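Thank you all for making time this morning.

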Amino acid sequence: MTAAPTRTGGPADLAGLRRLAVATLDTNWEYDHTVPSRTLYPHQWSWDSAFIAIGLAHVRPERAWRELTSLFRAQWADGRVPHIVFNPAMRVGAYFPGPELWASASAEGAPAADTSGLVQPPVHALAAWLAYRRAPGPAGLEALRRLYPALVAQQRYLADRRDLTGNGLVCIVHPWESGLDNSPAWDAPMAAVPAEAAVMRAYRRHDTAHADAAHRPTDLDYARYLAIVASYRERGYSDRGLADGHPFLVECPLFNAAFGLAEHVLARIAALIGADPGPHRASAARITEAVGRRLYDPATGTFSPRDLRTDRLIPARTVLGLAPLILPDLPTRQVDALVVEARSARFGVARRMERPLPSHDRTAPDFEPLRYWRGPSWLNVGWLVRRGLLAHGHPELAAGLRQSMIGLVAGAGCHEYFHPDTGGGLGSPAFGWTAALLLDLLAEEPEPDRG
């Protein structure tokens with residue numbers, strides 16, 4: 001291990017952090033998957049499980065494969081991987097919005113398990129590849145071989161059902177699909193969703209019972225979230241005809257960067273297991289080209305979501321804009337512009353970081369250091385940005401970001417997210433992906449594959 005100077009005193013401190021991370025994951029293990037936290041999130045979440053598998057591969061490799069296998073057991077017939085798989089042992093009302101609101105059992109092609117009808121960024125192929133690389137061997141290779149068709153089906157669903165414009169990019173149909181639920185990036189398209197905050201009087205929100213309401217999405221946000229869910233549910237979660245009336249349709253740079261990276265990774269998996277990597281490589285090239293053509297704003301030098309209702313880029317400068325760095329074939333001029341953006345006062349990535357990477361432009365008037373994705377720092381997006389910096393030849397910036405992230409946990413524990421100025425812990429304690437990605441950061445790792 002390499003000692004991180006930020007808030008740690010040496011290898012002994014790092015060993016203690018590793019023990020904390022392992023204990024957190026063990027505590028959150030639930031038979032065949034890991035819950036994000038024992039307080040607010042008692043079910044299985046899609047991209048949480050992917051990040052968690054990456055960390056488990058370092059210490060419990062067999063659990064890493066069980067984590068991914070259990071998630072894909074709930075894959076729909078059309079290939080979508082639901083963003084929540086509900087634990088049937090939990091009492092009704094233990095989480096809001098629970099399975100009774102989603103009513104997935106009535107939808108065509110839904111699995112036997114109760115799930116949501118939404119998806120999340122497809123980081124699962126990356127997780128499977130890293131799980132194999134962290135613990136290579138016959139068992140891992142066989143697990144990778146078994147999972148490969150499900151990963152291909154996931155990509156096929158996104159390409160066939162969610163490319164609403166024919167331009168080669170995936171459209172998300174709810175802010176929850178981005179993973180960055182209440183990012184300022186969604187303010188404009190969300191404002192067009194008809195809803196009233198008073199609707200929430202009929203429901204009991206569990207998130208505000210576990211966290212300060214000032215740190216969470218507002219009741220108006222939630223009313224709009226539920227209105228979007230209702231629109232999708234009423235069409236049986238079918239993607240046919242979405243462009244004709246669904247209230248939220250956005251091409252997200254993080255989601256589409258993950259979509260493109262997944263094809264690069266699937267090409268490597270295919271070559272390893274004896275399948276044809278060629279189609280994956282071709283798809284990866286097409287997706288990267290479409291991301292650059294559709295979502296890059298040369299005037300700002302960053303990537304932005306495109307609101308399909310207005311066919312305009314959304315101007316908010318959020319960490320979503322840095323995510324395309326994970327694409328190994330991103331053109332050099334766009335990489336260079338993103339490095340400038342990352343190093344700017346908006347995000348502050350540096351060799352030695354004074355403050356953690358925020359989720360939103362810290363110089364913006366609507367920057368909120370306490371409210372969920374409107375300012376706070378999260379390890380998962382920092383981890384993705386770090387991989388992108390490494391892949392494009394910026395190890396010194398990647399090292400600064402790594403030290404900053406390790407320092408957050410050293411100072412506050414495995415929290416869900418962190419104050420972007422003080423580093424204080426926010427959200428749920430003992431959070432799964434924070435612990436898992438900490439393990440990955442603490443481990444020595446080679447430079448990421450360049451595709």
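Let me begin with Ala430, which is partly exposed, its relative accessible area being 35%. This is a predicted model, so please hear every value as computed from it. Ala430 is found in the loop between β11 (425-426) and α16 (432-442), and its phi is near 50 degrees, a positive value in a residue other than glycine.

Another alanine, Ala103, also has a phi near 50 degrees, again positive in a residue other than glycine. Ala103 belongs to the loop between α4 and α5 (124-134), and with a relative accessible area of 32% Ala103 is partly exposed.

Gly236, in the loop between α10 (219-234) and β5 (250-251), is partly exposed at 29% relative accessible area, and although 126 residues separate Gly236 from Ala110 in sequence, their C-alpha atoms are 9.8 Å apart in space. Thr318, by contrast, is buried, with 5% relative accessibility, and lies in the loop between β9 (312-313) and α13 (332-343). Setting aside residues up to four places away in sequence, Thr318 touches Ser183, Pro184, Ala185, Phe347, Ser359 and His360.

Let me turn now to the aromatic rings. The model holds 24 aromatic pairs. One of them joins Trp47 and Phe51 in a tilted arrangement, with 5.4 Å from centre to centre and 55 degrees between the planes. Why are these two about one helical turn apart? Because they are four residues apart in helix α2 (residues 46-59), Trp47 and Phe51 are separated by about that much. Both are buried, Trp47 at 1% relative accessible area and Phe51 at 0%.

Trp373 and Trp378 form a stacked pair, with centres 3.8 Å apart and 5 degrees between the planes. Trp373 is buried at 1% relative accessibility, and Trp378 is buried at 3%. These four residues belong to one aromatic cluster, whose members also include Tyr41, Trp45, Trp383 and Trp433.

Charged side chains meet rings as well. Arg66 has its charged end over the ring of Tyr31, 5.6 Å from the centre, while Arg80 lies over the face of Trp76, 4.6 Å from the ring centre.

Which residues have the most contacts inside the largest nonpolar core? That core has 142 residues, and the ones with the most contacts are Phe51, Trp65, Trp186, Ile269, Leu357, Trp383 and Leu389. Helix α11 (residues 253-273) gives the most to this core, contributing twelve residues. As for Trp65, beyond its neighbours within four places in sequence, its contacts include Ala128, Tyr132, Leu144 and Leu147.

Finally, consider how α11 packs against helix α6 (residues 138-161): their axes come within 10 Å and cross at roughly 140 degrees, and the crossing is left-handed. Among the residues that meet there are Leu144, Tyr148 and Leu151 from α6, and Phe259, Leu266 and Ile269 from α11. Ile269 therefore brings us back to the core, being one of the residues with the most contacts inside it.

Technical notes
Residues are numbered from 1 along each chain as its sequence is written. This is a predicted model: local features need pLDDT of at least 70, side-chain atom pairs count only at pLDDT 80 or more; totals for chains, interfaces and linings use all residues. Side-chain values use heavy atoms; hydrogens and water are left out. Rings of Phe, Tyr and Trp (its six-membered ring) pair if their centres lie within 6.5 Å; planes under 30 degrees apart count as stacked, over 60 as edge-to-face and the rest as tilted. Buried means under 20% relative accessible area, exposed over 50%, partly exposed in between (1.4 Å probe, protein chains only). A charge sits over a ring if NZ of Lys or CZ of Arg is within 6 Å of the ring centre and within 35 degrees of the ring normal. A nonpolar core is a set of buried Ala, Val, Leu, Ile, Met, Phe, Trp, Tyr and Cys residues joined through side-chain atoms within 4.5 Å. Contact means heavy atoms within 4.5 Å. Axes are lines fitted to C-alpha atoms, for helices over the stretch in contact, and angles run from 0 to 180 degrees between N-to-C directions. A crossing is left-handed if the near helix is turned anticlockwise from the far one by less than a right angle, and right-handed if clockwise.
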